[in-house]
Amino acid sequence: MLPSVWDAVDSLLNSSVITLSENTNTGWNLFSFPVDLNNESAIQFPVGTSSLMRFDCNTGYIIEDTLTSGKGYWVKFPSEGRITISGTLRTEDTIDVNWDWNLIGSLTQKIDVDSVLTLPAGIISSPFFGYVLGKGYYVTDTLRPFQAYWVKVSEAGKILLQ
């Protein structure tokens with residue numbers, strides 16, 4: 001029996017290294033890492049980019065020098081540009097969240113917020129908020145690659161993206 005088109009797509013999704021690009025805006029951006037890195041991959045941030053800042057509701061903002069999948073970051077770009085990254089697809093993630101506001105990342109593909117699950121169930125207590133410089137925060141119904149989102153939860157737990 002010949003393999004189906006879906007077998008080929010499944011094989012591609014589970015094993016191939018992909019390269020993604022995203023435009024960046026001048027100023028502050030909410031940013032996340034939509035692929036899993038392998039040892040040969042790196043991100044090419046524009047010269048003059050600020051430090052990465054992630055948020056923890058217990059300690060506030062924390063400056064990071066390494067991106068971690070599943071986390072969201074504030075990053076300030078000096079001008080409009082383009083980021084290119086390579087890695088393997090991230091089709092699911094389990095993100096630890098603390099009670100209150102959390103800044104989370106996204107996956108390689110768009111996700112409808114109605115498909116987001118939590119452990120324990122039902123702990124999401126706000127819409128998901130994105131941010132665009134000059135326009136401010138907005139409520140979103142879709143989590144997009146490269147973007148990060150604010151979400152409030154009623155107790156510590158996990159957010160399941162798939």
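The structure is a predicted model, in which local features need pLDDT of at least 70 and side-chain atom pairs count only at pLDDT 80 or more, while totals for chains, interfaces and linings use all residues. Residues are numbered from 1 along each chain as its sequence is written, and side-chain values use heavy atoms, with hydrogens and water left out.

Strand β8 runs antiparallel to strand β16 (residues 157–161), to which five bridges join β8, and K158 of β16 is the bridge partner of D96. Two strands are taken to pair if DSSP finds at least two bridges between them; helices (H or I, at least four residues) and strands (E, at least two) are DSSP runs, numbered from the N terminus.

Strand β3 is joined by two bridges to the antiparallel strand β7 (residues 81–89), in which L89 is the bridge partner of V35.

Residue F128 lies in strand β12 (residues 128–132) and counts as buried because its relative accessibility is 4%. Its C-alpha atom is separated by 5.0 Å from that of V151, 23 residues apart along the chain. When neighbours within four places in sequence are left aside, the contacts of F128 (heavy atoms within 4.5 Å) are with I104, V113, V116, Y138, V139, T140, L143, Y149, W150 and V151. For the protein chain, 75% of the contacts between residues at least 6 apart in sequence join residues at least 24 apart, and 39% of the 162 residues count as buried.

Pockets were identified on a 1 Å grid over the protein atoms alone, as open sets of points with protein on both sides within 12 Å along at least five of seven lines, lining residues having an atom within 4 Å of a point. The largest pocket has a volume of about 270 Å³, and of the 18 residues that line the largest pocket, K71, I95, D96, N102 and L103 are the closest to its centre. Strands β4 (52–56), β8 and β9 (100–104) each supply at least two residues of this lining, with the largest share, five residues, coming from β8.

The second largest pocket has a volume of about 180 Å³; of the 15 residues that line the second largest pocket, those closest to its centre are N25, N29, L30, Y131 and Q147. At least two residues of this lining are supplied by each of β1, β2 (27–32) and β12, and β2 gives the most, with four residues.

Notes:
Buried < 20%, exposed > 50% of the residue type's maximum accessible area, 1.4 Å probe, protein only. 1 Å grid on protein atoms, 1.4 Å probe; cavity = no way out; pocket = protein on both sides within 12 Å on 5 of 7 lines; lining within 4 Å. Points joined across faces, edges and corners; volume = space filled by probe spheres on them.
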